[in-house]
Each structure stands twice: as structure tokens, then as C-alpha cells.
Amino acid sequence: MKIASIVLTLLLFSSVPELHTLRRQYIEAATSEQSANDFHKSFANVSDNHADNTLLAYKAASIVLLAKYEGNLISKTRYFNRGTSLLEDVIKREPGNYEAHLIRLNIQDNVPWITGYTGSIKSDKAYLLANFAAQSEDLKKFAKTYIIQSDAFSNAEKKSL
């Protein structure tokens, strides 16, 4: 019985991508429809109430990225709303999740203003800057790469990192 539990646990965790892989896939997903579809498929076994909120934030981003490549306005809107709703739920469940704030800022910084999804840009930016030093080195590197290219941050804010 113990062996079956161990095997099941290993199978469940091995189907969940590692963070460094998710970060790379997230960046690639913004460059092509195929990459976005592949990124989204990597969450096929991740339920919307998964315990790992960072993983769920990436799942939410994958849904929003599907909207980017959708031609039908109704489907585009459904994907966008589903993804942003999931991301907002993640941040409500774990308000201190740095990576979820980074993903939300990235989405809000890149969607058209007409979506109305821009209300947390200032607060996320302030949160990211205030909590940058407390993050792991790999997350700092990932965040800094985004922050340096983002128009949401001033040159002085970029240099402060």
C-alpha cells in the first residue's frame, strides 16, 4: 500500500512542470499561437483549486494567452475573462504571492485598455518593487528581466534593482 502511495505521488508531481520551465514557456507563449497552445496544454492535469497558487497563476496566464490568438470575439472574451478571474482568485487566496502579482502586472501592462483590466498596475508595481529583495535569486532574475523591458517602470525604478 505504501508503494502504491509513493508511485501515485510521484506521478502526480511529475506531471506538474517546474517553475523555471513554466517561466520559459510563459515567455515563449507570447510569441506564437503554437507556443501558447503548448503552454496551456501543460496545465491539463491542474485543477482550478490546485494547492500551488503560483502554478495556478501560470495556468490563468495560459488561458489569457489563448485569448490573444483567438479570432472569434466571443471566445476571445471568454478566455480572457476566465483567465483573469482565475488570476484574481489566486491573488485573493494568497495576496503575498510575488509571482502572481508579476504575472498580473505583465498581463495588465500588455492588454488593450479597452479590456478594462488595468486597475492593479500601480499597486502591483509598488508591491513588486517593495518586495523584490525578499525573493529567491531565480525569481529576482525573472522579475528583473520583465521590469527592465516594461514601460510601467521608470528608469529610476529599473536602476534601483
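Predicted model: local features only at pLDDT ≥ 70, side-chain atom pairs only at ≥ 80, totals over all residues.
Me: Which residues have the most contacts inside the largest nonpolar core?
Reply: They are Y26, F39, Y58, L87, I103 and I107, within a core of 40 residues.

Me: Which helix gives the most to this core?
Reply: Helix α4 does, with 10 residues. At least two residues each come from α2, α3, α4, α5 (73-93), α6, α7 and α8.

Me: What does L87 touch?
Reply: Leaving aside residues up to four places away in sequence, L87 touches A57, A60, A100, I103, R104, I107 and Y117.

Me: How do the axes of α4 and α5 cross?
Reply: They cross at roughly 165° and come within 7 Å. The angle is over 145 degrees, so α4 is roughly antiparallel to α5. The crossing of these two helices is left-handed.

Me: Which residues make that contact?
Reply: From α4, the contact includes L56, A57, A60, I63 and V64. From α5, the residues include Y79, F80, G83, L86, L87 and V90. By class, the contact of α4 with α5 has 12 nonpolar, 3 polar and 5 charged residues.

Me: Turning to α6 and α7, at what angle do they pack?
Reply: Helix α6 and helix α7 (residues 121-131) pack at about 140°, and their axes are 9 Å apart. That angle makes α6 oblique to α7.

Me: Is that crossing left-handed or right-handed?
Reply: The crossing of α6 and α7 is left-handed.

Me: Which residues meet there?
Reply: In α6 they are Y98, H101, L102, R104, L105, Q108 and D109, and in α7 they are I121, D124, K125, Y127, L128 and N131. The contact of α6 with α7 divides into 6 nonpolar, 3 polar and 4 charged residues.

Me: Now N106: buried or exposed?
Reply: N106, found in helix α6, has a relative accessible area of 17%. Buried means under 20%, so N106 is buried.

Me: What does N106 touch?
Reply: N106 touches Y26 and Y146, not counting residues up to four places away in sequence.

Me: And how far apart are N106 and K125?
Reply: They are 19 residues apart in sequence and 9.9 Å apart in space, C-alpha to C-alpha.

Me: Back to Y26's helix, α2: which residues are buried there?
Reply: In α2 (residues 19-29), the buried residues are T21, L22, R23, Q25, Y26 and A29.

Me: What do they pack against?
Reply: The buried residues of α2 pack against α3 (33-41), α4 (53-69), α6 (98-110) and α8 (137-149).

Methods. Residues numbered from 1 in each chain as written. Heavy atoms only, no water. Buried < 20%, exposed > 50% of the residue type's maximum accessible area, 1.4 Å probe, protein only. Helix = DSSP H or I, 4+ residues; strand = E, 2+ residues; numbered from the N terminus. Contact = heavy atoms within 4.5 Å. Axes fitted to C-alpha atoms, helices over the stretch in contact; angles between N-to-C directions. Parallel < 35°, antiparallel > 145°, perpendicular 65-115°, else oblique. Left-handed = near helix turned anticlockwise from the far one by under 90°. Nonpolar A, V, L, I, M, F, W, Y, C, P; charged D, E, K, R; others polar. Core = buried A, V, L, I, M, F, W, Y, C linked by side-chain atoms within 4.5 Å.
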